[in-house]
Amino acid sequence: MRDTHYILAALCFTVVASCTSSENKSESGQKLASDTIVADTGISQISKSITLDSTDTKFLKNVALSNLTTIEFANKIIQLGAKSDLISLAKKLVSDHKAYQVSLENLAKKKGYQLPQTLPQTPIQNVKKLETYEKEDRNEYFLQSVIEEYQKTIDRFGQATTAKDADIAAFATLTKPKWEVTYGQSKKLEKELRAQKIGQGNDPRQ
């Protein structure tokens, strides 16, 4: 009888240990998944040879996300269709920002950092909103979104021209005027679009 009790106790211990092990593996798997998400949408240090100031790493991350956001907006408006001048702008945005991203990635790698690979949910949802508008409102929402993205990023470039890291400062000084040219083109198209829509409705984002 005593042996039977020992056997039952051993079996219970084995089951509990097995369940605990499974839970630990599950928790470990969830943690790894979370880490992957953070790495995909954030900036990570892949080499300890250089440690950048937090302001400089934030600049690299934000500009990378701005490039990705602009590319997504441009690709979406091309897919959905728009006025010919907007499609021309969108194609330019895709081409320009892919090139900007390559240059930024090369700079980040030189400093031992990896840039975000995917967008967080908020900009993804903002891009998807394009699907909810009728054509004219869609055109306006696209331009407004691109202009706002450019305004924020041009301000970041302005601040980064005095970055502690000389390479980042040089990159910002060289790249900022290119963004300003496209910003001016976008503002001109927005002005023309608004002139055509006088009295036709409200801001499509409201």
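Here is a short chat about how to read this predicted model.

Visitor: Before we start, what should I know about the model and its numbering?

Guide: Residues are numbered from 1 along each chain as its sequence is written. The model is predicted, so local features need pLDDT of at least 70, side-chain atom pairs count only at pLDDT 80 or more, and totals for chains, interfaces and linings use all residues, while side-chain values use heavy atoms, leaving out hydrogens and water.

Visitor: What average pLDDT does the protein have?

Guide: pLDDT is the predictor's confidence in each residue, from 0 to 100. Here the protein averages 81, and 76% of the residues score at least 70. Where pLDDT is low, the predicted coordinates should not be read in detail. Contact means heavy atoms within 4.5 Å.

Visitor: How many helices and strands does the protein have?

Guide: Both are DSSP runs numbered from the N terminus: helices are H or I with at least four residues, strands E with at least two. This protein has six helices and two strands, in the order α-β-α-α-β-α-α-α.

Visitor: Which residues touch the most other members of the largest nonpolar core?

Guide: In soluble globular proteins, nonpolar side chains tend to be buried together. A nonpolar core is a set of buried Ala, Val, Leu, Ile, Met, Phe, Trp, Tyr and Cys residues joined through side-chain atoms within 4.5 Å. In the largest one, with 40 residues, the answer is Phe 59, Leu 60 and Phe 142. Helices H2 (54-80), H3, H5 (135-160) and H6 (166-196) each give two or more residues to this core, and H3 gives the most, with ten. Setting aside residues up to four places away in sequence, the contacts of Phe 142 include Phe 73, Ile 77, Leu 89 and Leu 130.

Visitor: Is Thr 153 buried or exposed?

Guide: Buried means under 20% relative accessible area, exposed over 50%, and partly exposed in between, using a 1.4 Å probe and protein chains only. Thr 153, in helix H5, is buried because its relative accessibility is 0%. A polar atom of its side chain lies 2.9 Å from the backbone oxygen of Glu 149. Beyond four places in sequence, Thr 153 touches Val 63, Ser 66 and Trp 179.

Visitor: Which side chain does Gln 101 join in a polar contact?

Guide: A polar contact is a pair of N or O atoms within 3.5 Å; within protein, one must be able to donate a hydrogen and the other to accept it, and residues adjacent in sequence count only if both atoms are side-chain atoms. The side chain of Gln 101 joins that of Asn 67 at 2.8 Å. Gln 101 is in helix H3, and at 6% relative accessibility it counts as buried.

Visitor: And how exposed is Asn 126?

Guide: Asn 126 counts as partly exposed because its relative accessibility is 26%. Asn 126 lies in helix H4, residues 121-128, and touches Phe 73 and Tyr 141, not counting residues up to four places away in sequence.
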